[in-house]
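Grab a pencil and work through these exercises with the model open beside you. Try each task before you read its solution.

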Amino acid sequence: MKTKLIIIIWGVLFASAVFAQNGKIVGKIYNTANNEPIPFANIVIWNTNIGSTSDLDGNFTFTGLEPGYIRLEASAVGFEKYVSEEILVTNARTANIELPMQEKQVELKTVEIRASPFIRKEESPLSLRTLSISEIERNPGGNRDISRVLQSLPGVSSTVSFRNDVIVRGGGASENSFYLDGIEIPTLNHFSTQGASGGPVGIINVDFVREVEFYSGAFPANRGNALSSIIEFEQIDPNMEEWGFRAAVGASDLAFTANGPVSGKSGLIFSLRRSYLGFLFDVIGLPFLPTYNDAQFKYKHKFDNKNQLTLIGLGAIDHFELNTGIENPDEEQRYILGYLPVNEQYSYTVGANFKHFRDNGFNTIVFSRNYLNNTAYKYLNNNEIDSLKTFDYKSIESENKLRVESFTRTGGYKLNYGLGAAYAEYSNNTFQKVFIRDSLRVLNYNSSIDLFNYNAFAQISKGIFSERLILSLGVRFDGTSYSKEMANPVDQFSPRFSASYALTDVWFLNFNTGIYYQRPPYTTMGFRNNAGILVNKENGLKYIRADHLVAGLEFLPDNRSKITLEGFYKYYRDYPFSVDDSVSIANKGGDFGTYGDEEVISVAEGRAYGFEVLARDKDFMGFNVILSYTFVRSEFQKLKGGYIPSKWDNRHILNLTVLKELKRNWDVGFKWRFVGGAPYTPYDLMESRKRPAWDARGRGYLDYERYNSLRLGNFQQLDVRVDKQYFFDKWSLILYLDIQNLYNFKAEQQDNLTNLDENGIPVIINPDDPYPEQVYELRRIESESGTVLPTIGIIVEF
């Protein structure tokens, strides 16, 4: 009886999904220069003959469409052809989209420019990649987490510890900047590493995302404070036609999103998410219990064709506690419980973007505020007695930012210039037992600083020789009131130059060079010693500098495929160098906790270089294929000279992603990833076994005299995903099965040390000696990472 019922239900779902094809698109096409509507433009479903025409107000409509992901192609007399980002068409609600078109500067006679979904920008003709919404939603192993999907891009490495660190072209985890609709968001992940960017789960809800632009070089001048990448998250606009809702159950959370009109000129999209990881981890007996919540919104109001206002918000509350109630924990669980602190964070970013259009351009005023509150504590053996406290950390950092920009197109020139300012506050209350230079010390300080950051930028671009050669020159100045070493913006003069030459209509030669600066993290700027002195300010802390040189060849055989070859070289100067560990802090930031809160001097130099090959074909024998290979070397100089591999020196990174749309709304895909083994540093066993040293942190100490002298084995992983979509008249149902690490590859990791015997009892070799002289008997615990991780997801849209 149950089997018959299942067959009947499946049949009803199948029949409804087959015959319901009532998808609708409502949109508007406009001139990017002045926001004026473009009448009588031709709009077609990309690579089909299904078309429509815009009316006098630039509006157009498609009806009776088959549900699924589609792109639109627009053409109009006097404008360059345009291919939109992907949009999802369903029967449940109307899809809204606006299509920007750019006026032609000259009629090209020698080069034919074809409409293509691959973005090429004057200021960034290379090192720019895009991710469409379907590639994010259906990324095998991505589980609708944008932060994780980013790790499949060319040049991006990752750690094998299931974190979302973005390691770009051999740069550190702290060298990236993130923007949401043009507003900077310093915190991208839940349980983030303060001072860097990594964490285990992304904050951004994929339901908001329209497209992602990833710059691994050739940064535009209006984007600063980054050395390795700029990542722009473009959000969808609210639906101005009707309210729609989406509920989702994913790998780690429950989500609800609402999207609809507020008035005739405004709309709102908002979401709430709640994780259930703490419950799952408790059931399966993991030693830590994370719980996160987040909220996101976007409100857009169009006053008229010339003025519009966008408000955004993104916030998170994260709680991380230890599962000390595990019965009969194994030695790996005991090890984790012995060193891992309890952690709680909450953060938010809110911002407003006002845009005013002129006849040949537009001005924007952007105001935003971001805030992070981070606390953590640890007690020896997790006994919460004051005398056993080893770590207590409370920190708050906030920024209030203002940016004013002007964009103009005139006489074949593209001009962008503007000013930016920010008022920042940082506080830090730290109690920490540390074992340094053969003695146990207590770091105990309260720090509070406030400062102003400021910048100015300009960029001009121009096509010459009938647009065959595109040139772009940008300059930027940055400064901060923190210290005299960083106050003068001229000292942080950041020029950049790009060129792109069309050898033919399908071959392009691209080039970029630039100098980029990044302010040290507030954790470093606000660090004090026990005497209350800002030691890094006294040490002459500077902006970090990276000189980039990138050149590449691009081949566009048709409007669905792309092949690129790029070589890159980055040289780092004035990187903070750890006084205690005698290494550049560029090698840190890929672990939980904080990054940069230590004494440093700005003397470290380093380099990262290599090449990337990317092949993309959206229709290779019916498959969407992305293949990339990166060879990268990442090295930093020792204090006494000579280069040593950095923590991010993976050398080889290979990604292959294959997606396939099947009949009846089935989708399948796989992603295979190979990452060369990362260097690591052996333990200093003589230091680690000392009882005061071990009790201070519960982990082994690294032997920095042999820094990164060893290397882990290579890492590889195969992820697969299957999606099934049902499109009914009033609602849609999307089911997916995602399996990470299908063949259960076990990645090698550095062995852990423990001072406990098999029964969980500390073993002291000389218990009768005074405490400072006692030593533990340490054992190694073999460590590896990787397991088959299946996930079933359910998405309901109505």
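Two strands pair if DSSP finds at least two bridges between them. Strands are DSSP runs of E with at least two residues, numbered from the N terminus. This is a predicted model, where local features need pLDDT of at least 70, side-chain atom pairs count only at pLDDT 80 or more, and totals for chains, interfaces and linings use all residues. Residues are numbered from 1 along each chain as its sequence is written, and side-chain values use heavy atoms, with hydrogens and water left out.

**Exercise 1.** Follow strand 26 and say how many bridges join strand 26 to strand 27.

*Solution.* 
- On one hand, strand 26 (residues 389–410) pairs with strand 25 (residues 361–379), antiparallel, over 19 bridges. Here serine 395 of strand 26 sits opposite asparagine 374.
- On the other, 20 bridges link strand 26 to strand 27 (residues 413–436), again in the antiparallel sense. One partner pair is tyrosine 393 and threonine 430, the latter in strand 27.
- Check the turn: strands 26 and 27 make a hairpin with two residues between them, and glycine 411 there has a positive phi of about 60°.

**Exercise 2.** Is valine 249 buried, partly exposed or exposed?

*Solution.* 
- Locate valine 249 in strand 19 (residues 244–249).
- Get the cut-offs: buried means under 20% relative accessible area, exposed over 50%, and partly exposed in between (1.4 Å probe, protein chains only).
- Compare: valine 249 has 34% relative accessibility, so this residue is partly exposed.

**Exercise 3.** Where is asparagine 766, and is this residue buried or exposed?

*Solution.* 
- Find the loop between strand 44 (752–754) and strand 45 (779–781); asparagine 766 is in there.
- Its relative accessible area is 17%, so asparagine 766 is buried.
- Finally, look at the side chain: one of its polar atoms lies 3.1 Å from the backbone oxygen of glutamate 773.

Technical notes:
Helix = DSSP H or I, 4+ residues; strand = E, 2+ residues; numbered from the N terminus. Polar contact = N/O pair within 3.5 Å; in protein donor to acceptor, adjacent residues only side chain to side chain.
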